[in-house]
Amino acid sequence: MAVIMQLVLLAVGFALLVKGADWFVEGASKLAEKFGIPQLVIGLTIVAIGTSLPEAAVSVSAALKGSAEITIGNIVGSNILNVLLILGITSVIKPIAVQKSTVRYEIPFVVAMTALLMGLGLTDNVVGWTDGLILWAFMICYLLYLLWMAKHGGDMPEEIPGEGKEMPVWKMLLLIVLGGVMIVIGSDVAVDAATELARIFGMSERLIGLTIVAFGTSLPELVTSATAAVKGKADIAVGNIVGSNIFNILFVVGTSALITPVSYASAFMVDSVACIAAAVLLWVLVSRRHRLGRFGGVCLLVGYAAYFIYLIG
């Protein structure tokens, strides 16, 4: 009975996170648009960071509660799941075209940032305040790169949630406030439930973070990518997933480390190497033809199956 209760609470927490992030992004995007902020800037900041809000909320909440292994496990697990499972499923549904900039710059950058996080963590088994500053510095550089790409003809996503609908300011503010409250409550409930499940089953917080929590916080990316594939609009999926992975490392871990030191257990080295290997596999699959086909999708899914077997073995 206790297990069922915790699973229900976990599902409720994830539902609050997903819907809260959706409302927060829609309200913030509309409010920024109302004040004349260019849609380009909105897309590169509010919307991009918004997709990482579930990971951010869970990671900060876990760090503050002392469940440090959930923090890193959530991010590393989400990044592995994003590439191997989400892109695998999406490309099996419909082959995906990949932008040149994603192949040349962004995939190598996510490999470099994952290696940086591993290096910072393994140095003293903690990602501290100084490390958080380093990650934030790289995030600012990444945002500047995105702005430069957009101004010089790079294909950047232009769709803003809720675009084309007139919305009163009170409703924008209500969405921002309600979304923010739901994110905070959802992350709190999800972390508590995940921690309790780990205790009941005798599982480590690392394993819970790498699997259940990572899957829950990656739900927005999974739903968005799969839906886009079904509608024949999957071409932005690879760029969006790679961008989300970069934000997860730089924004989420960086912010968590600035708030409170984040423990990085030595066991995460294997998971970080798996995360790097996933990105390298993606890069190999798309580097020649700038396209992720069904065969590539199957390769990614097999890779996730192998990693999952390692986790539970």
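Let me start with two helices: helix H1, residues 2–34, and helix H8, residues 205–217, pack at an angle of about 35°, and their axes are 9 Å apart. The axes are lines fitted to C-alpha atoms, for helices over the stretch in contact, and angles run from 0 to 180 degrees between N-to-C directions. Helices here are DSSP runs of H or I with at least four residues, strands are runs of E with at least two, and both are numbered from the N terminus.

Which residues of H1 and H8 meet? From H1 there are Leu10, Phe14 and Leu17, and from H8 there are Ile212, Val213, Gly216 and Thr217. Contact means heavy atoms within 4.5 Å. By class, this contact of H1 with H8 has five nonpolar residues, two polar and no charged ones. For those classes, Ala, Val, Leu, Ile, Met, Phe, Trp, Tyr, Cys and Pro count as nonpolar, Asp, Glu, Lys and Arg as charged, and the others, Gly among them, as polar.

A word on the source: this is a predicted model, in which local features need pLDDT of at least 70 and side-chain atom pairs count only at pLDDT 80 or more, while totals for chains, interfaces and linings use all residues. Residues are numbered from 1 along each chain as its sequence is written, and side-chain values use heavy atoms, with hydrogens and water left out.

Now the whole chain. The chain has twelve helices and four strands. Its radius of gyration is 18 Å, close to the 20 Å that the globule rule gives for 313 residues, so the chain is as compact as a globular protein of that length. That radius is taken over C-alpha atoms, and the rule is 2.2 Å times the number of residues to the power 0.38. Along the principal axes, the C-alpha atoms fill a box of roughly 50 × 50 × 40 Å.

Of the 313 residues, 51% are buried. Buried means under 20% relative accessible area, exposed means over 50%, and partly exposed is in between, with a 1.4 Å probe and protein chains only. Among contacts with a separation of 6 or more, 85% are between residues 24 or more positions apart.

Tyr307 sits in helix H12, residues 294–312. Is Tyr307 buried or exposed? Tyr307 counts as buried because its relative accessibility is 8%. Leaving out residues up to four places away in sequence, Tyr307 touches Ile80, Leu210, Asp271 and Ala274. With Asp271 there is also a polar contact of 2.9 Å between the side chains. A polar contact is a pair of N or O atoms within 3.5 Å; within protein, one must be able to donate a hydrogen and the other to accept it, and residues adjacent in sequence count only if both atoms are side-chain atoms. Tyr307 and Leu81 are 226 residues apart in sequence, with their C-alpha atoms 9.9 Å apart in space.

Ser256 belongs to helix H10, residues 237–259. Ser256 has 1% relative accessibility, so Ser256 counts as buried. Its contacts, again without residues up to four places away in sequence, are Ser59, Val60, Thr71 and Val262.

Two loop residues come next. Most residues other than glycine have a negative phi. Asn125 is not a glycine, yet its phi is positive, about 60°. Asn125 lies in the loop between helix H5, 100–124, and strand S2, 126–127. With a relative accessible area of 39%, Asn125 is partly exposed. His290, also not a glycine, has a positive phi of about 50°. The loop holding His290 runs between helix H11, 268–287, and strand S4, 291–292. His290 counts as partly exposed, at 22% relative accessibility.

Last, Arg199 is in helix H7, residues 169–201. Arg199 counts as exposed because its relative accessibility is 57%. Arg199 and Ser244 are 45 residues apart in sequence and 30 Å apart in space, C-alpha to C-alpha.
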